[in-house]
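Please look over the sequence and the structure before reading on.

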Amino acid sequence: RQEKPEEGVVLLRQFARANVADMLQDIHQITEKSPFRHMLTPGGYTMSVSTSSCGTIGWISDRKSYRYSPYDPETGDHWPVIPPSWYLLVHQAAHLAGFWDFVPDTCLINRYAPGNQLSLHQDKDEEDFNVPIVSVSFGLAATFFLGGMTRSSKVQRLLLTHGDVLVFGGPSRLRYHGIAPVRTGHHPVTGPYRINLTFRRALG
Ligand code: MD3
Ligand code: FE
């Protein structure tokens with residue numbers, strides 16, 4: 001089941017279904033080493049979403065800036081590695097969407113509790129915008145806002161559910177996007193949470 005809401009955007013519904021149990025176990029192990037935390041924005045706000053990362057570099061935010069760091073600022077250690085089995089899934093998803101040879105160097109792990117949201121933004125802290133982004137969703141469903149190239153562009157809504165994989169690339173790589181406040185609920189495998197993995201290549 002494949003949907004193409006815009007050029008360069010491909011939604012692969014349920015594509016990660018078979019990998020869910022293993023991936024959630026991996027996420028548990030990663031976040032034992034680099035725990036979920038609320039980052040501070042340069043504007044001084046605390047993000048509602050809790051985040052961790054794995055990979056050779058990880059996305060961080062503090063009073064100084066949004067940027068990538070090879071170290072987890074909470075632990076001072078390197079981020080945990082991306083589990084080897086994750087590469088095949090995201091490579092296949094990107095390939096199906098028309099992007100060859102996607103090899104991420106970082107995976108941001110976002111955990112949404114009820115009411116948590118991610119306001120409209122662009123992902124532009126990476127070096128090469130020709131490289132796509134692959135996102136994998138688990139647990140509670142969420143409404144994803146797919147905007148345009150400016151903040152005021154018209155926004156489409158897509159419901160992301162457990163096991164869905166979304167690929168963004170080409171002309172859509174810099175689209176504004178966000179997540180509506182997650183509604184309270186219970187999911188059999190993630191309990192009260194939505195978890196999203198965002199795979200990127202930060203370094204060209
Ligand atoms: C569209 N995360 O971490 S993933 C983020 O569900 C982020 O946690 C959301 O946006 C989440 O930056 C959405 C889907 C996604 C990721 C990157 C994109 C959509 C995108 C980049 C460009 C356009
Ligand atoms: Fe984003």
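In which order do the four strands of the open sheet stand? The order is E7-E12-E9-E10, and the pairing is antiparallel. This is a predicted model, in which local features need pLDDT of at least 70 and side-chain atom pairs count only at pLDDT 80 or more, while totals for chains, interfaces and linings use all residues. Residues are numbered from 1 along each chain as its sequence is written, and chains are lettered from A and ligands numbered from 1 in the order in which they are written.

**The open sheet**

- Strands are DSSP runs (E, at least two residues), numbered from the N terminus, and two strands pair if DSSP finds at least two bridges between them.
- In general, the strands of a sheet pair through backbone hydrogen bonds, in a parallel or an antiparallel manner.
- Strand E7 (118-121) and strand E10 (156-160) form the edges of this sheet, each pairing on one side only.
- From one strand to the next, the twist averages 20 degrees; the axes are lines fitted to C-alpha atoms, and angles run from 0 to 180 degrees between N-to-C directions.
- Strand E9 (residues 142-146) runs antiparallel to E10 and is joined to E10 by five bridges.
- Phe145 stands opposite Arg157 in E10.

**Two annotated residues**

- An unreviewed UniProt entry gives a "binding site" annotation that covers ten positions, among them Asn110 and Thr198; such annotations may be inferred rather than shown by experiment.
- Asn110 belongs to strand E6 (residues 106-112), and Thr198 belongs to strand E13 (residues 194-200).
- Asn110 is buried because 22 other C-beta atoms lie within 10 Å; a residue is buried at 20 or more such atoms, exposed at 12 or fewer, and partly exposed in between, with C-beta atoms placed from the backbone.
- Thr198 also counts as buried, because it has 20 C-beta neighbours inside 10 Å.
- Not counting residues up to four places away in sequence, Asn110 is in contact (C-beta atoms within 7 Å) with Val49, Thr51, Asn196 and Thr198.

**The surroundings of ligand 1**

- Ligand 1 is surrounded by 15 residues (C-beta atom within 6 Å of the ligand), and the closest are Asn110, Ser135, Phe168, His177 and Asn196.
- Two or more residues of this shell come from each of E6, strand E8 (133-139), strand E11 (165-168), strand E12 (177-179) and E13.

**A loop residue**

- Pro188 lies in the loop between E12 and E13.
- Pro188 counts as exposed because it has 7 C-beta neighbours inside 10 Å.

Methods: Two residues are in contact if their C-beta atoms, placed from the backbone, lie within 7 Å.
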